[in-house]
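Student: I have a fold open on my screen and would like to learn how to read it. Could you walk me through it, one feature at a time?

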Amino acid sequence: MRHALVRRLALMPLLLALAACQPEPVDPAKDEVAGAALLAQYETARETGDFEIAEMHADALADRHGRTEAAATMRRTVEEVRKQAEAMREQRRLIALWDYQSVAVDGGTQHTAALYSRVDDEFLEEGMPAPTPDARLVLRRHPAWGVSAYLVLEMGELRCGPPCTLSIRFDDAPARTFAGEPADTGTGPALFIKDEAAFREAMQQARRVRIELPRSGALVPVFEFEVAGFRPALYRED
């Protein structure tokens with residue numbers, strides 16, 4: 001027993017010396033090695049245009065290793081990365097607004113591209129259902145009826161003309177006048193835009209389209225459409 005105690009006491013200075021030689025734990029916020037690894041992933045995503053992934057790596061770098069040189073380097077470019085990431089999310093939202101359908105009909109296939117008018121939910125209370133859109137813009141290509149652009153309206157009655165004229169504004173350009181032609185879908189009124197080719201050409205260069213109908217009593221119906229997500233390839237020809 002005494003010899004074992006003596007051996008342990010003799011080893012104590014060596015153990016203390018070894019403990020003193022152990023490196024201090026690295027503060028994660030200052031971990032340059034880990035920070036550099038995340039910075040490399042961030043830069044790769046940024047350079048390849050994958051801005052949402054770059055933003056994810058930037059957030060991880062800031063949260064985990066925010067006091068490193070790597071984090072300081074990242075902060076010099078992250079503002080532009082966040083702008084580009086937000087633009088990608090916005091474009092994805094705009095693309096999702098459109099609905100494309102291809103349906104077999106007599107003589108071939110009918111292709112349609114459609115989206116609802118924008119609803120103002122700025123003052124909508126939390127938990128309340130979103131307002132119902134007032135109109136739907138439809139582009140249609142039919143083997144017998146040709147190409148058309150028209151509105152399907154939620155209003156119970158449509159009064160337009162004759163002559164029926166629409167004021168249509170593409171983004172912030174001056175409003176243009178288009179001839180319209182009222183119709184009935186069987187479930188409610190519709191309104192065809194007569195010069196479909198001119199309308200679609202202008203629409204494809206715009207982000208927003210604002211269509212104003214003639215005054216109906218005390219009201220001037222106005223519909224706004226966020227058209228920037230239109231994909232012509234999905235509204236295809238046979």
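This is a predicted model: local features need pLDDT of at least 70, side-chain atom pairs count only at pLDDT 80 or more; totals for chains, interfaces and linings use all residues.

Student: How many bridges join E4 to E7, and in which sense do they run?

Tutor: Three bridges link E4 to E7, residues 189–193, and the two run antiparallel. On the E3 side, E3 (residues 135–142) and E4 (residues 146–153) pair over eight bridges, again in the antiparallel sense. A hairpin of three residues connects E3 to E4.

Student: What should I keep in mind about side chains when I look along a strand?

Tutor: In a regular strand, side chains alternate between the two faces of the sheet.

Student: In what order do the nine strands lie in the open sheet?

Tutor: The order is E1-E2-E3-E4-E7-E6-E5-E8-E9, with antiparallel pairing. At the edges are E1 (99–105) and E9 (222–226), each pairing on one side only. From one strand to the next, the twist averages 30 degrees.

Student: Which helices pack on the sheet, and which strands do they touch?

Tutor: One is H5 (residues 78–97), which touches E1, E2 (108–116) and E9, and its direction makes about 120 degrees with that of E9. Another is H6 (residues 196–203), touching E3, E4, E5 (165–170), E6 (176–184), E7 and E8 (208–212). The direction of H6 makes about 115 degrees with that of E3.

Student: What should I look for within a helix?

Tutor: The general idea is that an α-helix has 3.6 residues a turn, so residues three or four places apart point the same way. Now the case here: in H5, the buried residues are Val78, Val81, Ala85 and Leu94. The buried residues of H5 pack against H2 (32–47), H3 (51–65), H4 (69–75) and E9. As for length, H5 has 20 residues and spans 29 Å from first C-alpha to last, close to the 28 Å expected at 1.5 Å a residue.

Student: How do I describe two helices that pack together?

Tutor: Two packed helices are described by the angle between their axes and the distance between the axes. For H2 and H3, the axes come within 8 Å and cross at roughly 165 degrees. An angle over 145 degrees counts as roughly antiparallel, so H2 and H3 are roughly antiparallel to each other. Their crossing is left-handed. Residues making the contact include Leu38, Leu39 and Tyr42 of H2, and Phe51, His57 and Leu61 of H3.

Student: Is Glu55 buried or exposed?

Tutor: Glu55 belongs to H3. Its relative accessible area is 12%, and buried means under 20%, so Glu55 is buried. Beyond neighbours within four places in sequence, Glu55 is in contact with Val81, Arg82, Ala85 and Arg89.

Student: And where is Thr165 found, and what does it touch?

Tutor: Thr165 sits in E5 and is partly exposed, with a relative accessible area of 39%. Not counting residues up to four places away in sequence, Thr165 touches Cys160, Thr177, Phe178 and Pro214. Thr165 and Thr177 are twelve residues apart in sequence, with 6.6 Å between their C-alpha atoms.

Terms used: Residues are numbered from 1 along each chain as its sequence is written. Side-chain values use heavy atoms; hydrogens and water are left out. Two strands pair if DSSP finds at least two bridges between them. Helices (H or I, at least four residues) and strands (E, at least two) are DSSP runs, numbered from the N terminus. Axes are lines fitted to C-alpha atoms, for helices over the stretch in contact, and angles run from 0 to 180 degrees between N-to-C directions. Contact means heavy atoms within 4.5 Å. The expected span of a helix is 1.5 Å times one less than its number of residues. Buried means under 20% relative accessible area, exposed over 50%, partly exposed in between (1.4 Å probe, protein chains only). Angles under 35 degrees count as roughly parallel, over 145 as roughly antiparallel, 65 to 115 as roughly perpendicular and the rest as oblique. A crossing is left-handed if the near helix is turned anticlockwise from the far one by less than a right angle, and right-handed if clockwise.
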